[in-house]
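Good morning, and thank you for joining this group meeting. I would ask you to look at the structure on the screen while I describe it.

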Amino acid sequence: MEYQNTMPGKRSVKRSKDNEEGAESDESKKLKISHSSHGTIPGIVLTLGQGDVGQLGLGENVMERKKPAFVKQLPEKIVQVEAGGMHTVCLGASGSDNNGVIGLLEPMKTSCFPQKVPLDVPIIKITSGNDHLALLSLDGDIYTSGCGEQGQLGRIAECFTNRGGRRGLERLLIPKSLHLKAKGSGKVKFRDVFCGAYCTFAISKEGHIYGFGLSNYHQLGTSGTTPCYSAHKLTAFKNSTKSWVKFSGGQHHTLCLDSEGKVYSLGRAEYGRLGLGEHSTEKSTPTIVQGLPVITTVACGASVSYAVSKDGRAFAWGMGTNFQLSTGNEEDVWSPIQMSGQQLENREVLSISSGGQHTALLVKERGQS
């Protein structure tokens with residue numbers, strides 16, 4: 001079962017409070033929704049890699065860019081940019097975004113207009129894998145929707161993941177929350193959620209790391225390689241001296257960032273995506289990536305990896321085939337290198353996001369507040 005580009009549902013979730021007429025109380029309209037993952041400093045957008053379906057935003061005749069290029073056709077300053085499998089989403093400083101939205105409830109159908117995600121709880125973060133969404137509510141619940149064939153929804157038994165069973169596709173495509181029982185009474189509440197291409201990570205309010213989905217190269221940190229169809233507490237990330245703050249997953253690998261700004265990787269090693277050197281092998285536990293300064297955020301594409309330093313530099317490693325590394329050639333890179341290009345000169349990188357064949361960076365002029 002395939003679902004095309006579910007990521008753009010982000011717009012309908014973030015704007016649903018304004019678009020739903022007469023359905024909200026005055027009290028709900030006063031809610032201030034925020035999350036630590038949301039950018040607050042506006043910047044401009046740079047893209048590089050493959051652009052065969054317009055994902056670079058540089059015009060219909062631009063098929064690829066080997067160095068970061070400035071995206072001109074954006075109406076305002078941007079505070080967040082995310083690259084999906086074959087699309088890019090930009091969130092404007094006013095809270096609106098710029099993307100064509102694809103409906104979540106009708107598989108394989110596309111739409112150029114926003115469609116409201118059928119969820120009536122305040123959402124403070126939404127993240128996307130290749131074919132699934134994970135949404136974090138104000139109350140700390142995680143809702144998932146989309147394709148669940150690899151277990152990435154964390155709430156569907158394997159026997160129902162193909163077509164949803166007797167209840168049909170609504171079981172998969174309408175967002176429903178995870179039900180994890182906490183010790184004693186009640187359910188586990190979460191403070192953050194992250195998607196890999198075919199898996200999902202979540203951090204509970206107590207700091208425990210949960211995961212579900214594909215782990216065929218141990219990218220979830222599991223000892224085995226079978227998919228996890230329900231949320232598992234991941235013992236690979238249990239360390240009393242370490243606090244994990246961010247995860248990002250590619251097709252078969254994962255990057256993790258701790259509270260000290262150190263980067264770790266695990267999963268498949270081919271093409272240099274782990275950043276552990278040319279002779280590195282598959283890792284089932286988080287392994288530190290050497291040669292990086294203090295890092296504030298990490299990102300994965302399908303077979304590439306990125307890190308942004310505290311002083312606004314971007315570092316890249318992994319497969320070079322799609323020109324996503326800014327080296328200007330197709331050679332793989334096995335250890336972190338600093339990204340370069342004319343559009344990065346005298347600019348500070350705020351964030352970075354990568355899809356299947358392209359990468360987007362949000363940057364600002366150095367010294368600009």
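**Cores, salt bridges and confidence**

What you see is a predicted model, in which local features need a pLDDT of at least 70 and side-chain atom pairs count only at pLDDT 80 or more, while totals for chains, interfaces and linings use all residues. Residues are numbered from 1 along each chain as its sequence is written, and side-chain values use heavy atoms, with hydrogens and water left out.

L292 belongs to the largest nonpolar core, which has 29 residues. A nonpolar core is a set of buried Ala, Val, Leu, Ile, Met, Phe, Trp, Tyr and Cys residues joined through side-chain atoms within 4.5 Å. Buried means under 20% relative accessible area, exposed means over 50%, and partly exposed lies in between, with a 1.4 Å probe and protein chains only. Which members touch the most others in this core? They are V263, L292, Y306, W317, M339 and L361. The elements giving two or more residues to this core are β1 (44-50), β15 (253-258), β18 (295-300), β19 (304-309), β20 (314-318), β22 and β23. A second, separate core has 28 residues, including I124, F190, C199 and F247. As general background, nonpolar side chains tend to be buried together in soluble globular proteins.

As for the chain as a whole, it has three helices and 23 strands. These are DSSP runs numbered from the N terminus: helices are H or I with at least four residues, and strands are E with at least two. Of the 369 residues, 53% count as buried. Among contacts between residues at least 6 apart in sequence, 54% join residues at least 24 apart.

I turn now to charged side chains. How many salt bridges does a search of the whole structure find? The search finds eight, a salt bridge being a side-chain nitrogen of Lys or Arg within 4 Å of a carboxyl oxygen of Asp or Glu.

One of them joins K125 and D192, at 2.8 Å from N to O. This pair links distant parts of the chain, 67 residues apart: K125 lies in strand β6 (residues 123-128) and D192 in strand β10 (residues 190-195). Is K125 buried or exposed? K125 is buried, at 7% relative accessibility, and D192 is buried with a relative accessible area of 7%.

Another salt bridge is formed by R347 and E365, whose closest N and O atoms are 2.9 Å apart. Here strand β22 (residues 347-354) holds R347 and strand β23 (residues 358-365) holds E365, the two residues being 18 apart. R347 is buried at 15%, whereas E365 is partly exposed at 33%.

R313 and D311 also form a salt bridge, with closest N and O atoms 3.2 Å apart. R313 is partly exposed at 26%, and D311 is partly exposed at 39%.

Finally, a word on confidence. The chain averages a pLDDT of 82, and 79% of the residues score at least 70; pLDDT is the predictor's confidence in each residue, from 0 to 100. Over residues 1-33 the pLDDT is below 50, although this stretch has 76 contacts in the model beyond near neighbours in sequence. Residues 110-115 are also below 50, with 13 such contacts. Where pLDDT is low, the predicted coordinates should not be read in detail.

Key. Contact means heavy atoms within 4.5 Å.
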